[in-house]
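This report walks through the fold of one protein chain and then turns to a few of its residues. Please keep the sequence and the structure at hand while reading.

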Amino acid sequence: MDAEAVKRGVVNVGEVTGTAKVDGDVATQTAPDPDTGCQIKMTNYTGYIQVEPVTDCSGAAGMRVHFDGKYKKGNIPEPEIAVEDNANDNFEPSEDEAQNNNGEATEEDSQISTDNESSTQTGDSNGDPSSQSNAQPISKEEARQLVVNYLHPDNPERIIEYDHDDNGDYIFHYYIVVDDPNIEDDGHTATFGWYGVNPNTKEVYDYMAAMD
């Protein structure tokens, strides 16, 4: 749904592990994943594999990730992702709107000019550059520290990691890596939550709760 995020590689992934019982073209996981409770069924068709969750698999994946669907077989060519330009950039008002806007702009420009002169005089009279508003957004690392202070994780193995931006806010993934002897790689993740930070106000909030 967010082509620009996909183009940058900001995508969420999930996985489920276990043993499956095969009956003809159908493979059904014999028991739910011990960490997430997820259990799936896979049906092998000619051109694709149909995946269906048997139990609730919402805890087995990253944010907005689900397993059910048709997975095509073979070498699937990667499609071109077209990112639409902001419609406002190409917006051209009608003649009537342009005339009205010109009249409003004259009054607004006059007021802005007056405000700027007042602001400049105030800054010059104080002789202190710090009196002017030069606040800059905090960095991702500073925002991460705010999340650490907000959560106070008592387990050093729990990870707080920057994941992506959402409307200018930094979004952090709070998770732990679970070792599984049945997996050859480094195991899989178990998510505790997602937290956002407004880089301007430094507000920390529960990202998933804010989306409800």
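A salt bridge, as the term is used here, is a side-chain nitrogen of Lys or Arg within 4 Å of a carboxyl oxygen of Asp or Glu. By that criterion, a search of the whole structure, which is a predicted model, finds 2 salt bridges, and both are described below.

## Overall make-up

The secondary structure of this predicted model comes to 4 helices and 9 strands, and, read along the sequence, these elements follow the pattern α-β-β-β-β-β-α-α-β-β-β-β-α. Of the 212 residues in the protein, 24% are buried.

The protein exposes about 15400 Å² of surface, of which carbon and sulfur atoms supply 46%. When contacts between residues at least 6 apart in sequence are considered, 37% of them join residues that are at least 24 apart.

In general, the strands of a sheet pair through backbone hydrogen bonds, and the pairing may be parallel or antiparallel. Here, 5 strands form an open sheet with antiparallel pairing, in the order E1-E2-E3-E4-E5. Strand E1 (20–23) and strand E5 (69–72) each have a single partner strand and stand at the edges, so one side of each is left without a neighbour in the sheet. From one strand to the next, the twist averages 20°.

Strand E4, which covers residues 48–53, runs antiparallel to E5 and is joined to E5 by 4 bridges. Within this part of the sheet, Ile49 stands opposite Tyr71, a residue of E5.

Side chains of opposite charge can pair when their charged atoms come close.

Arg144 forms a salt bridge with Glu141, where the closest N and O atoms are 3.9 Å apart. Because Arg144 and Glu141 are 3 residues apart in helix H3 (residues 140–151), they are separated by about one helical turn. Arg144, with a relative accessibility of 28%, counts as partly exposed.

His173 is found in strand E7, which spans residues 169–178. Its relative accessibility is 10%, and because the cut-off for a buried residue is under 20%, His173 counts as buried.

The side chain of His173 makes a polar contact with the side chain of Thr191 at 2.8 Å.

Which loop holds Ser139? Ser139 is found in the loop between helix H2 (95–126) and H3. With a relative accessible area of 34%, Ser139 is partly exposed. Although Ser139 and Pro199 are 60 residues apart in sequence, their C-alpha atoms are 7.2 Å apart in space.

Definitions and conventions:
Residues numbered from 1 in each chain as written. Predicted model: local features only at pLDDT ≥ 70, side-chain atom pairs only at ≥ 80, totals over all residues. Heavy atoms only, no water. Pairing = 2+ DSSP bridges. Helix = DSSP H or I, 4+ residues; strand = E, 2+ residues; numbered from the N terminus. Axes fitted to C-alpha atoms, helices over the stretch in contact; angles between N-to-C directions. Buried < 20%, exposed > 50% of the residue type's maximum accessible area, 1.4 Å probe, protein only. Polar contact = N/O pair within 3.5 Å; in protein donor to acceptor, adjacent residues only side chain to side chain. Contact = heavy atoms within 4.5 Å. Areas by Shrake-Rupley, 256 points an atom, 1.4 Å probe, with all protein chains shown as cover.
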